[in-house]
Amino acid sequence: MFAWLLAIFIYRMALLSRASLAAAAAPFGLQFDNRHNLLLHIQTVHEDHTDTDLAFKVFKNYFCDDCGKKFGKKSNWLVHQKIVHEGRKDYACDYCEKTFGAKGDLTRHHRTVHEGRKDFACNKCEKKFGQKPGLLYHQKSVHEGRKDYSCDKCEIKFTLKSNMFKHQRTVHEGRKDFACDSCEKIYGRKSSLLSHQKIVHEGRKDYTCDNCEKKYGKKRNLLLHIKSVHEGRKDFECDKCEKKFSSKQYVLLHQKTVHEGHKDYACGRCERKFGQKSDLFRHQKTVHKSLKDFLCDKDGEKLKKKSYLLVHQKTVHEGRKDFACDKCEKKFGSKSVLLKHQRIVHEGRKDYVCYDCDKTFGQKAHWIRHKNTVHEGRKDYACDKCEKKFGRKSSLLLHQRTVHEVLFRHQKTVHEGQKDFSCDKCEKKFGHKIHLWNHERTVHEGRKGFECNECEKKFGQKSHLFDHQKTVHEGRKDYACDVCEKKFGQKSDLLKHQRTVHEGRRDYACDKCERKFGRKSHLFDHQKTVHEGRKDYACDVCEKKFGQKSDLFRHQKTVHEGQKDFSCEKCEKKFGQKIHLLNHERTVHEGRKGFECNECEKKFGHKHHLLFHQKTVHEGHKDYACDMCEKKFGQKSDLFRHQKTVHEGQKDFSYIEEQYTKFVKITRSISVKIRRGTL
């Protein structure tokens with residue numbers, strides 16, 4: 001009887017224990033096959049759950065001496081020591097030779113990677129997972145939106161407790177326990193170390209874009225690329241300036257650096273600060289080490305960034321300009337340049353203000369450069385040849401190009417005649433590529449995109465517009481010659497004046513007649529008009545043709561309009577050209593005759609008078625023949641006078657008076673020579 005009652009009691013206690021265990025496991029949605037596993041689960045996982053019918057005390061009795069981590073099972077503790085601290089990976093995959101520390105991880109790897117199995121499907125969105133923890137994490141974070149673990153220092157919340165521990169360990173404690181054995185770089189997470197080794201040292205990029213075949217080392221970078229580049233999505237917007245970004249981290253970085261002004265990374269050499277660590281590394285590599293690691297295989301040009309190399313190849317060698325402005329139809333090789341153009345030119349935005357002088361800038365780089373060079377007086381760029389320092393890198397490059405490289409380029413293009421850049425439309429050659437581009441844009445495309453707002457004259461280059469406004473409308477001549485004090489509107493004109501007038505240099509020789517010129521443009525005009533006989537500019541009034549446009553304008557102004565803007569201060573005689581006024585003053589009022597004939601020692605005030613004298617008197621040239629009587633003359637004016645007086649019967653008394661004056665002078669000269677006995 002007692003044995004029977006004892007059996008009933010034991011049976012009821014068993015039923016009660018099962019009911020209590022089921023009630024205890026109900027809040028967590030988990031089921032266990034025996035009491036031991038349930039007790040162990042509650043002890044090790046749920047630390048503070050005392051709202052069940054059974055109040056269990058949590059036990060993590062196994063403590064790691066190396067990292068201080070606690071475990072509820074001895075087996076987990078042993079596996080942790082073997083894998084983490086001893087680095088043992090005893091289980092290798094037969095397919096890919098990847099090694100694992102636990103057999104369960106190897107089995108899971110086989111099932112999910114090589115067999116492609118995803119046995120756990122979400123009942124809400126039908127997304128499938130290879131492991132059950134991935135499914136549970138997905139449901140809890142995506143569909144339930146739960147973040148149950150909050151950091152007690154910064155109040156950031158996490159879905160997984162492990163992520164919170166990693167956050168505290170790496171961010172607040174600053175621990176980086178995982179070091180790369182190849183480059184000694186350290187990381188706070190093992191996954192970051194493995195990703196670094198795979199991408200950097202092994203060079204693996206396992207994720208390929210199906211649209212453009214671009215490869216990435218991380219899957220999230222591939223997804224971000226697809227979303228931002230091919231889908232054009234920018235889902236994250238700054239709440240201060242409404243600028244949109246493709247990822248949340250870019251928004252946070254933008255807010256920290258632009259709106260909050262954080263610059264946490266300082267250069268140890270020049271003390272310049274940056275908002276991003278990558279910008280600091282790029283600054284150190286390019287400025288202080290002058291590294292340009294990306295070489296173009298077509299023209300050998302080196303660039304600092306791979307993105308610069310890709311843009312260079314696309315725009316320069318392929319000639320692509322895929323981004324067009326919808327307002328002025330101007331095309332650009334990169335989207336960033338297009339957006340900058342629209343913001344500065346069409347919207348007129350200057351968002352960057354200098355708080356020292358209230359000057360505004362359209363680009364942040366210009367604002368930073370202004371602060372560094374103007375207010376801080378920094379000159380971070382030193383020339384390695386003459387040790388001269390500059391505040392801008394462009395100034396340094398300009399200095400090196402103009403001072404140290406100008407002689408080489410001058411010798412190559414001027415004296416050696418090298419012109420490596422040829423126009424494919426007119427075969428004209430240039431010594432510099434920029435000159436070829438300007439030629440194609442202004443001559444063949446006829447583009448003159450820069451218009452003067454005062455006289456509506458258009459120019460092909462912006463610099464020409466500025467020079468026009470400064471010299472014509474403002475009347476500025478800022479460059480004075482220190483020898484003769486003559487002033488010029490452009491520095492290039494001053495240098496040409498000094499080189500040709502005071503130094504007497506004529507570096508451009510004609511290869512047909514060996515005549516030399518001080519300016520290259522004069523050489524071209526000479527070849528075009530003298531040797532080719534071209535006269536491309538015709539007067540629309542008298543149809544007279546000229547070889548140069550300036551001669552046509554001068555002809556129209558002086559002959560047809562009768563303008564004589566240059567007046568002599570001594571005799572008030574007026575002239576249509578300044579050169580004629582200068583010749584008049586030099587020969588008439590100063591009595592200068594600087595050109596002497598080497599055969600008869602006769603002197604002339606003008607060089608062309610000397611040449612004409614030598615040709616007609618000593619060489620006997622008479623190139624102008626009358627078509628009525630075949631009489632020849634040395635001057636064209638004498639031919640016209642002959643035709644007018646002899647064949648047309650006109651009485652030109654001025655001509656008669658002129659001839660009588662010449663006759664009187666000749667007779668007097670003969671009389672003097674007779675008295676002196678020299679005749």
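## Helix 12

Just after helix 12, G348 adopts a positive phi of about 65°. Helix 12 covers residues 335-346, and at 1.5 Å a residue its 12 residues should span 16 Å.

Three residues of helix 12 are buried: L338, H341 and Q342. Seen down the helix axis, these residues fall within an arc of 95°, and therefore they line one face of the helix. An α-helix has 3.6 residues a turn, so residues three or four places apart point the same way. The cover over the buried residues of helix 12 includes strand 19 (323-324) and strand 20 (331-332).

## Helix 16

Helix 16 takes in residues 433-444. Its 12 residues should span 16 Å at 1.5 Å a residue, and the distance between its end C-alpha atoms, 16 Å, agrees with this. After helix 16 comes G446, with a positive phi near 65°.

The buried residues here are L436, N438 and H439. Down the axis of helix 16 they fall within an arc of 165°, so they line one face of the helix. They pack against strand 25 (421-422) and strand 26 (429-430).

Most residues other than glycine have a negative phi. E155 has a positive phi, near 65°, although it is not a glycine. E155 sits in the loop between strand 7 (149-150) and strand 8 (157-158). With a relative accessibility of 63%, E155 counts as exposed because the cut-off for that class is over 50%.

E514 is another residue other than glycine with a positive phi near 65°. Its place is the loop between strand 31 (508-509) and strand 32 (516-517). The relative accessible area of E514 is 68%, so this residue is exposed.

## A buried histidine

H167 belongs to helix 6 (residues 161-172). Its relative accessible area is 9%, so it is buried, the limit being under 20%. Leaving aside residues up to four places away in sequence, H167 touches C151, C154, I156, F158, H172 and R189.

## Nonpolar core and aromatic pair

The largest nonpolar core has five residues: V287, Y381, C383, F390 and L396.

The structure holds one aromatic pair. It is formed by Y62 and W77, whose ring centres are 6.1 Å apart and whose planes meet at 25°, so the pair is stacked. Y62 lies in strand 1 (residues 62-63) and W77 in helix 3 (residues 74-85), so the pair ties together parts 15 residues apart in sequence. Y62 is partly exposed, at 28% relative accessible area.

## Confidence of the prediction

The chain has a mean pLDDT of 79, and 83% of its residues reach 70 or more. Confidence is lowest in helix 1 (residues 2-25), with a mean of 51, and highest in strand 5 (residues 120-121), at 89.

Over residues 23-28 the pLDDT is below 50, and this stretch has nine contacts in the model beyond near neighbours in sequence. The pLDDT is also below 50 over residues 47-58, a stretch with 17 contacts in the model, again beyond near neighbours in sequence.

Definitions and conventions: Residues numbered from 1 in each chain as written. Predicted model: local features only at pLDDT ≥ 70, side-chain atom pairs only at ≥ 80, totals over all residues. Heavy atoms only, no water. pLDDT = per-residue confidence, 0-100. Helix = DSSP H or I, 4+ residues; strand = E, 2+ residues; numbered from the N terminus. Contact = heavy atoms within 4.5 Å. Buried < 20%, exposed > 50% of the residue type's maximum accessible area, 1.4 Å probe, protein only. Expected span 1.5 Å × (residues − 1). Arc of directions from axis to C-beta. Core = buried A, V, L, I, M, F, W, Y, C linked by side-chain atoms within 4.5 Å. Phe/Tyr/Trp six-rings, centres within 6.5 Å; stacked < 30°, edge-to-face > 60°.
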